[in-house]
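Welcome to this short tour.

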Amino acid sequence: MDTTDSWTSAQALASLAAGAGATPMSQLGRETQAAAVAALLSRGAVPCGTLPLQGRLAGVMLLANALVPVGTGPIGVAITPDGSFAYVANNGASTVSVIDTATNLVTATVTGLNGPIDVAITPNGSFVYVTNGNSNTVSVIDTGTNTITGPPITVGANPFEVDITPNGAFAYVANHGSGTVSVIDTSTNLSVATITVGSLPNGVAVSPDGLTVYVTNSGSGTVSVIDTGTNLVTATVAVGSTPIGVAFTPDGNFAYVANNGSSTVSVIDTTTGPPSVVTTIPGFGTPAGVAVSPDGTRVFVVNFGTNNVSVIDTGTNTILTTLAVGTQPSRDAVTPDGNFLYVTNNGSNNVSVLQIRPIITSITPASGSTLGGDPITITGSGFTGATAVTLNSTPVAGFVVVDDNTITATTPAHAAGTVQASVTVPLGTGTGGSFTFVVPAPTITSISPASGTTSGGTLVVITGTNFTGATAVSIAGTPVTSFQVVDDTHISAITAPHAPATGLVSVTTPGGTATGPVTYTYVTPAPTISGFTPASGSTTGGTQVTITGTGFTGATAVSIAGAPATSFQVLNDTTIVAITAPHAPASGPVTVTTPGGTAISATNYTYVTQAPTVTGIFPTSGPAGASTQVAISGTGLTGATSVTVNGTPVPFTVVSDNEIIATLPPHASGTVTVTVNTPGGSASIPFTYTRDRTQLTATPAVVQVFPPHPYAGILTATLTDLDTGQPLAGQPVTFTTGSITLCTALTNAQGVAVCPAILALPLIILNGGYTATYAGSSNYQPTTAHGAVITI
């Protein structure tokens, strides 16, 4: 039994059972023989048993499973694109069973078929195409009603497997009895092409891109490659003996072929031209159906002769493990989510449902710290034999498989966000559940030091937990000037200026804000004085003193040598400018008082009597013969003890530190020195005595013309000091007429000079009068006067 198919074998054995001649059993394939026997068993010839599904093979515990009774002699199986239903072709019962995959119960049985062998479902899930091996037709089932729609579609002899293009436009049917492939246009449900392939075609698979169809020729040990664009055979690939099942990997790069007669699997590289077998995997038991997981990592080959399924690792193309199923398994199909494998058991009239990878339903608790270390419980199924557990591809810190449905684990450190868990067992990896990594809220346990100055600038270290990623730090409600996250449990920060107060410390991170219970106290610092300049100044005050030190902010008083400063200004926490008040000569410290205390300088400030300066005198000159009141301007004039003119004291009055009024007495003309004397010293300025202004008044000469007779023969002139208004006595006055000097006479006490000039009257008359002249002296200015002639 090694050459033909299950439908042919069943029909042959049925004929033998009826007493008619048939093909010898030795010429039939093993799967075909079993199918025929199963058909006979279904009619009660021999009791039909089942095999348990649970057991350990190759060290792997079978995952959660079910055994679903269906019709007699099931062969083909296909699952709807949404994974909700599995359709099973019951060859012996001429029915199709519809299994609800959520409950694994048969919810419908479609009748009206004729020896169905295989099923294929359109990509939209609306229709199921069923090959009727006994009537050379294909029936179409409407999945909405699970009834046959339209008449049967005529194809070649003994149609076996069927597959549909990814776009749903065409169905390709392998006609086992006629060595052809029929092409059905699904829009009209008519056979539109017939393609000749090898001997006894059995399996058929359309590539994921829809460009090629691979057909296993069980009679010739080959695979025919059909170009769907031309429906021509473009290549023939030699494989093992009696190839049956064929399936593509999801990327279409490889095709796996089950060689029933040689108990091997051929792996065809579809990317080469032409396609070729790259490896042959041994170790199977008359393999039949082939299915590939959606992720392409596993190939499931049903072993018709050994009642199990071999699992191939596509990464190494070796058999990973073997799973026990029912009697004489024929075909298999993987659910779209990759979680379950449905295997038709031709000999036991049921379908084995195997969970082929873990299913994760929940993670408890659903969230934890980004720092990791949180215990979690993963719930689901298929966990037995787990080799790895990850959260978003990050391995957990450790895990324990409690049972097939429970894993306990410890979370790893991970960035914030929501992730899924993955559990890996030898058969594959399942992903699911939801776990959210959250940044943990910070906590504060201490601050050192716990107090500092109100001026800020104190370096503090905050201790706590979960400080990584901190975005803000404040103390007593005021953001710190700067901070640095040293590590997850320490932050160093610089305090900002703050009024005196005690307040809570707070740290903000992406995980939240921790406030307190730790407090920090801002205290006003006691001031210190490091120096001041100048070190001395006038007793009159007004000196600007710059004081340097610390803790000056909020200063309430400044004193210098015990005298409060007239005014002061706090420029900043380290500088004060103060104006000294008037003070007797003395030395004493500088003090600064703030709310934090009083600072006393280490050195003294000295009040010194200021040496005076004289910068001006007004007026700058005066008459020699009279007193002149002058205003003397300068500095340091307060406390003046005397004002002298060339050393002789004169009366004075101190108006201010900058002005003195003095009365300068008459003095010989010339420049004198006016000196102001104070306890601090002396200062002088020149003053000029000028000659007094003078005036002569000459009396006229009186002459009687007729009869000619001098009326008065005496000439007089009066000399007056205009600056004093007094007559000048003893001063010589010269009388002249024309170029003739008449006489020189000294002024008397009344300032009158008399010159007898009777003899000179004719000249005086001739010259029109006479002139009196005062030549001046060192103290008096010269002056002249004209005496006229009066005739009577």
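**First stop: a loop residue**

Select threonine 143, which sits in the loop joining strand E10 (137–142) to strand E11 (147–148). Keep in mind that this is a predicted model.

The threonine 143 side chain comes to 2.7 Å from the backbone oxygen of glycine 125.

Which residues does threonine 143 touch, leaving out those up to four places away in sequence? Select Tyr87, Gly125, Ser126, Phe127 and Val128, and you have them on screen.

**Zooming out: the protein chain**

Next, select the protein chain and colour it by secondary structure. Turn the view along the principal axes: the C-alpha trace spans about 215 × 65 × 45 Å.

Colour by burial next. Of the 792 residues, 50% count as buried. If you draw contacts with a separation of 6 or more, 50% of them come from residues 24 or more positions apart.

The accessible surface is about 31300 Å², and carbon and sulfur atoms contribute 56% of that.

**Last stop: charges**

Finally, pick out the charged side chains. There are 8 positive and 29 negative ones in the protein chain. The centres of these two sets are 4 Å apart.

Methods:
Residues numbered from 1 in each chain as written. Predicted model: local features only at pLDDT ≥ 70, side-chain atom pairs only at ≥ 80, totals over all residues. Heavy atoms only, no water. Buried < 20%, exposed > 50% of the residue type's maximum accessible area, 1.4 Å probe, protein only. Contact = heavy atoms within 4.5 Å. Areas by Shrake-Rupley, 256 points an atom, 1.4 Å probe, with all protein chains shown as cover. Lys, Arg positive; Asp, Glu negative; His and termini not counted. Charge placed at Lys NZ, Arg CZ, Asp CG, Glu CD. Helix = DSSP H or I, 4+ residues; strand = E, 2+ residues; numbered from the N terminus. Polar contact = N/O pair within 3.5 Å; in protein donor to acceptor, adjacent residues only side chain to side chain.
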